[in-house]
Amino acid sequence: YVPERIGDLSMPPFLHDEDPWKAKKYTSVFTPGARPLVLCGRGAELAQFGRILECPGVQPLVVGDRGIGKTSLVEHAIGNEPGFVDVPCGVGIKFRDWAKVALMKIGYDFPDGELEATIRAEVDLKIATLAGKVVRKSVNRKFSDLGLSELFTLFRDHQLPHILFADEFDRISVSHPNEISHFADLIKQLAKCDPQRGPRLVVAAVTSRSRRIFRSHQSVHRHIEEVFLEKLSDRDLQLFLEQALVRMKVVSISEDVRDALISSSMGRPYYLHAVALQACFAAEGEAHKKGIGSRNGELYVTRSHYETGKEIAVQKVLDETNPGFLKILNGPEGGARRVLELIVLSGGQVAAAEMVALLEVRLRMAAGEIEKTLGVLTKERVAVFDEGHWRLSDLHVLPFLRVKFQNDLPPPGSGTQADLPLW
């Protein structure tokens, strides 16, 4: 799980009670998933994304590692469009569940479905903006009684230019192959819609998983086009940080903290977002205690604030993503932690044959112990075996795990060869 909205990352009480405007400034820039005020290093991808939206019958598929900025790119490009509708894919979600929410968010009412009042108000506002008035469509039959062809007809007959955003599409249920077929069929049905008046679909997903999902549905490929996001360069991350600080106007970060943020990010803006946010909170908290937070309008983030923010961010992100990471990290020193360290050291994934060889030679693990240890990582959903490689289940935690292992290094000269870290 990746925090998607400001409310998902708790803010210190003083920011709620004393100065909510200042809290909004920090979170709107630094909170992962919040509609971004700053986006750097994605000019070519934004241009490609815009061109795809202008192509009738083609839907954009934004792909890349988790935490690389897929959601931010989409939100930056079309998040303020009146027809933008966020319908994220939760873990294991099935097509009918997703379709029900999507249809209700574009104005359909069902006897067995109702939106929360705040969401409904937002839906009505979007419809009024697009159509000039609130136009809702009541379906007399229960959603649960509708067949797939009837659901596709509802999408196809919709006459407002909504843009449905299926974020984290790779998390959909794959327990039955028909689930993938239903989404593929929806994409083909939307290709028949009037490009000026009908709905569009934007999909964001982890690269390898999304390609595997559509691999058996070749007929859908002509209706989607990939926008691939690479890791950001250090220069792009530095530019993002500089522009974010200008936006906030009240924060100054020392050069060594800037360098540490960028070098530890491994090209993933999610890490920079999460750690910088917590560092700002730490600095603001100290200024608040000293009563100097608003005297000169400047807030200095020191190395100490950065270290505090980094520790909090690592703990929060690992726990919110999967408690299994912290269970292994904080458990007894043993094979599972060492193998996890090896995967992290290898950049998040390592070939199975190479893994076995390294464990046998470097850590002197027997075949039975290796199998048992890999079973523990799989059970805790920390690592997965995928196309001949062992890899982290969520690559966006890679820089956080790397920092965690570096922080836990023992003093130089301590330990035996088998006990020493792999760094």
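Author: Twelve residues line the second largest cavity, and those nearest its centre are L39, C40, L232, P269 and H273. A cavity here is a set of points on a 1 Å grid over the protein atoms alone where a 1.4 Å probe fits but cannot get out, and a lining residue has an atom within 4 Å of a point. Rolling a probe the size of a water molecule over the atoms shows where empty space is left. The volume of this second largest cavity is about 110 Å³, counted as the space filled by probe spheres set on grid points joined across faces, edges and corners.

Before going on, keep in mind that this is a predicted model: local features need pLDDT of at least 70, side-chain atom pairs count only at pLDDT 80 or more, and totals for chains, interfaces and linings use all residues. Residues are numbered from 1 along each chain as its sequence is written, and side-chain values use heavy atoms, with hydrogens and water left out.

What kinds of residue line the second largest cavity? Its lining has 8 nonpolar, 3 polar and 1 charged residues. Nonpolar covers Ala, Val, Leu, Ile, Met, Phe, Trp, Tyr, Cys and Pro; Asp, Glu, Lys and Arg are charged; the others, Gly among them, are polar.

L232, one of the residues nearest the centre of that cavity, is also touched by R42. R42 sits in the loop between α2 (20-30) and α3 (43-53); helices are DSSP runs of H or I with at least four residues, strands are E runs of at least two, and numbering goes from the N terminus. R42 is buried, with a relative accessible area of 4%, where buried means under 20%, exposed over 50% and partly exposed in between (1.4 Å probe, protein chains only). Besides L232, R42 touches I68, L73, L229 and E230, leaving aside residues up to four places away in sequence; touching means heavy atoms within 4.5 Å.

Stepping back, the structure holds 5 cavities of 30 Å³ or more. The largest pocket is another matter: it holds about 1,000 Å³ of space. Of its 38 lining residues, R66, D170, R391, S393 and D394 are closest to the centre. A pocket is an open set of points with protein on both sides within 12 Å along at least five of seven lines. By class, its lining has 12 nonpolar, 11 polar and 15 charged residues.
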